[in-house]
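Welcome! Here is a short briefing to read alongside the model, one topic at a time.

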Amino acid sequence: MASTVSFSPAKVQMLQATTCHGHGSSFAVPRTGPRPRSVAVRVSSEQEVRAPSGRSIEECEADAVAGKFPAPAPFVRPKAPEGTPQIRPLDMPKRPRRNRRSPALRAAFQETTISPANLVLPLFIHEGEEDTPIGAMPGCFRLGWQHGLLDEVYKARDVGVNSFVLFPKVPDALKTPTGEEAYNDNGLVPRTIRLLKDKFPDIIVYTDVALDPYSSDGHDGIVREDGVILNDETVYQLCKQAVSQARAGADVVSPSDMMDGRVGAIRSALDAEGFNDVSIMSYTAKYASSFYGPFREALDSNPRFGDKKTYQMNPANYREALLETSADEAEGADILLVKPGLPYLDIIRLLRDNSALPIAAYQVSGEYSMIKAGGALNMIDEEKVMMESLMCLRRAGADIILTYFARQAATVLCGMR
């Protein structure tokens, strides 16, 4: 804004004679003579702005006051196609489509978002040096723990994915009925954790706590001779496995076995060894699903006999998830996970509405492979279906998503297709 201030010419002369050099100044002595009249000096913080036509703001404002406006463009309503019926518009004060009519409006009112920070990348590792492709999971590999793994983590971090969960392919010669290799401090998983934490100390490493990769029977627990899965004896082994992983540097241990009471026992075992800061992500609602097939091929961990229905949940059950949620919360779980993901959106929402803990969803191998297969056959747009499926998991209430699409999706989110 401009303002007018009165100065005497003597003062104006004084101000003009004042100069500043560094921190010093010099002053001129005003001339003597008759006392002159005061003069007005216009002081403004704005530069004078003129329109492209050369007229000043004052001239434009004068035209506006006089009602001299530019003529508006004629209104032309877009034409409907020939044959469109001529009707009277419906009397509707509320039209939800108004908030969807442009990309800017849709973005402004979008309720659910997804970012690379919401994604956890599962990684299959093995003892070999070469990366071995997994036939049923295009784009996924059993990674050599010393080389291919580091390259994959580096690429994922480059697009903002900083959370990883490890799944080992254990040599058959190390598998036993009681899975002792699971808590070998120099086993494949502990070695890998130490390597990752050395190379990338800021990443979050999740681990899987279960006996099936280490069991000669292929089950998540110890199998009695009559085929019964022993609960408490298995939990004892899982506690040792979790402590071994924490000792190697794991940030989050994730019991996926579905034994009763294992979360509380693992929490006590971790605390007793001084690992109070290691979190537990419990597979709270893990269903006995047919969507796990490609995963079991990746780890060669199919049950040698029977199925896993005596410890994993019945896909027909809904309320039972609340029992598991209540137990895991009481036993000290830090994160609750639902597996599989997309076919169980109602369970994700159920846990979200009944727990204040973070909710995780696992978009399992079967979900991944179906989208990949549909894309390869040009039956669907792989990228769009991938992103929609992840958004649906977020919308249902998942805070984080374990997905084999993590790096691919993060690349899209970063605009680096």
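**Helix α12 and its surroundings**

The buried residues of α12 pack against α10 (345–354), β15 (359–363), α11 (365–376), β16 (400–403) and α13 (406–413), where a contact means heavy atoms within 4.5 Å. This is a predicted model: local features need pLDDT of at least 70, side-chain atom pairs count only at pLDDT 80 or more, and totals for chains, interfaces and linings use all residues. Residues are numbered from 1 along each chain as its sequence is written, and side-chain values use heavy atoms, with hydrogens and water left out.

*The helix itself*
- Helices (H or I, at least four residues) and strands (E, at least two) are DSSP runs, numbered from the N terminus.
- Helix α12 covers residues 382–396, and its end C-alpha atoms are 21 Å apart, in agreement with the 21 Å that its 15 residues should span at 1.5 Å a residue (1.5 Å times one less than the number of residues).
- Buried residues (under 20% relative accessible area, 1.4 Å probe, protein chains only) in α12 include Glu 382, Met 386, Leu 390 and Arg 394.

*Its two ends*
- Asp 381 caps the N-terminal end of α12, with a side-chain oxygen 3.2 Å from the backbone nitrogen of Glu 383.
- Just after α12, Gly 397 has a positive phi of about 130°.

*The whole protein*
- The secondary structure comes to 13 helices and 16 strands.
- Of the 417 residues, 43% are buried.
- Among contacts between residues at least 6 apart in sequence, 74% join residues at least 24 apart.

Methods: Buried < 20%, exposed > 50% of the residue type's maximum accessible area, 1.4 Å probe, protein only. Polar contact = N/O pair within 3.5 Å; in protein donor to acceptor, adjacent residues only side chain to side chain.
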